[in-house]
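Here is my note for your first reading of this entry. Keep the structure open and follow the points in order.

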Amino acid sequence: WTTPPGELGTIIENEFYQIQLSAVNAISYTYLSGKLPDGIEIKTTGSVEGNPRNLNYISGVPKEIAIDVTSRFVVRAISADGAVTDRVFELTVMTAIM
């Protein structure tokens, strides 16, 4: 892997997000396990993209309070010679309450 493990960033709810994962000699990438943020997907090209949604709110008086949610997931990179390597990443979705 050339993309370091861990946090890929904090992203804002409902704003398009895209980042390219990279591993040496990788020809495809696969979401393996864990929890992706709602609205985000991993393409076989290694692109992590989508319009994230955050459905975690605390309702009450005087107004709703947003809860930022961090998702942890594993991606598998597969090389042309069949070698596989897995890496754990995180994305945090920050809710913007209007």
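**Notes on the strands and their contacts**

1. Start with E90, which is found in strand β9. Keep in mind that this is a predicted model. Is E90 buried or exposed? Its relative accessibility is 18%. Buried means under 20%, so E90 counts as buried.

2. Now look at what surrounds E90. Its side chain and that of R72 are joined by a polar contact of 2.4 Å. Leave out residues up to four places away in sequence. E90 then touches G6, E7, L8 and G9, as well as T70, S71, R72 and F73.

3. Take the pair β8 and β9. Strand β9 covers residues 84-94. It runs antiparallel to β8, and 10 bridges join the two. Together β8 and β9 form a hairpin, with 4 residues between them. Find G82 in the turn: its phi is positive, about 90°.

4. Now the other partner of β8. Strand β3 spans residues 26-34, and β8 spans residues 69-79. These two strands also run antiparallel. How many bridges join β3 to β8? There are 7.

5. Y29 stands opposite A77 in β8. A77 in turn stands opposite T85 in β9.

6. Turn to the nonpolar core. The largest one has 17 residues. Which members touch the most other members? They are W1, L21, F73, V75 and L91. The elements β1, β4 (40-42), β8 and β9 each give two or more residues to this core.

7. L91 touches E7, L8, G9, I11, Y17, P37, I40, V48, V69, T70, S71 and F73. Of these, F73 is also listed among the core members that touch the most others.

8. Now move to Q18, which lies in strand β2 (residues 17-20). Which residues does Q18 contact, leaving aside neighbours within four places in sequence? They are S47, V48 and E49. The side chain of Q18 makes a polar contact with the side chain of S47, at 3.1 Å. A polar contact with the side chain of E49 is also at 3.1 Å. Q18 and E49 are 31 residues apart along the chain, yet their C-alpha atoms are separated by 4.2 Å.

9. Finish with the whole chain. It has 0 helices and 9 strands. Of its 98 residues, 35% are buried. Consider the contacts with a separation of 6 or more: residues 24 or more positions apart account for 61% of them. The accessible surface comes to about 5800 Å². Carbon and sulfur atoms hold 54% of that surface.

Notes: Residues are numbered from 1 along each chain as its sequence is written. This is a predicted model: local features need pLDDT of at least 70, side-chain atom pairs count only at pLDDT 80 or more; totals for chains, interfaces and linings use all residues. Side-chain values use heavy atoms; hydrogens and water are left out. Two strands pair if DSSP finds at least two bridges between them. Buried means under 20% relative accessible area, exposed over 50%, partly exposed in between (1.4 Å probe, protein chains only). A polar contact is a pair of N or O atoms within 3.5 Å; within protein, one must be able to donate a hydrogen and the other to accept it, and residues adjacent in sequence count only if both atoms are side-chain atoms. Contact means heavy atoms within 4.5 Å. A nonpolar core is a set of buried Ala, Val, Leu, Ile, Met, Phe, Trp, Tyr and Cys residues joined through side-chain atoms within 4.5 Å. Accessible areas come from the Shrake-Rupley method with a 1.4 Å probe; for residues, only the protein chains shown count as cover.
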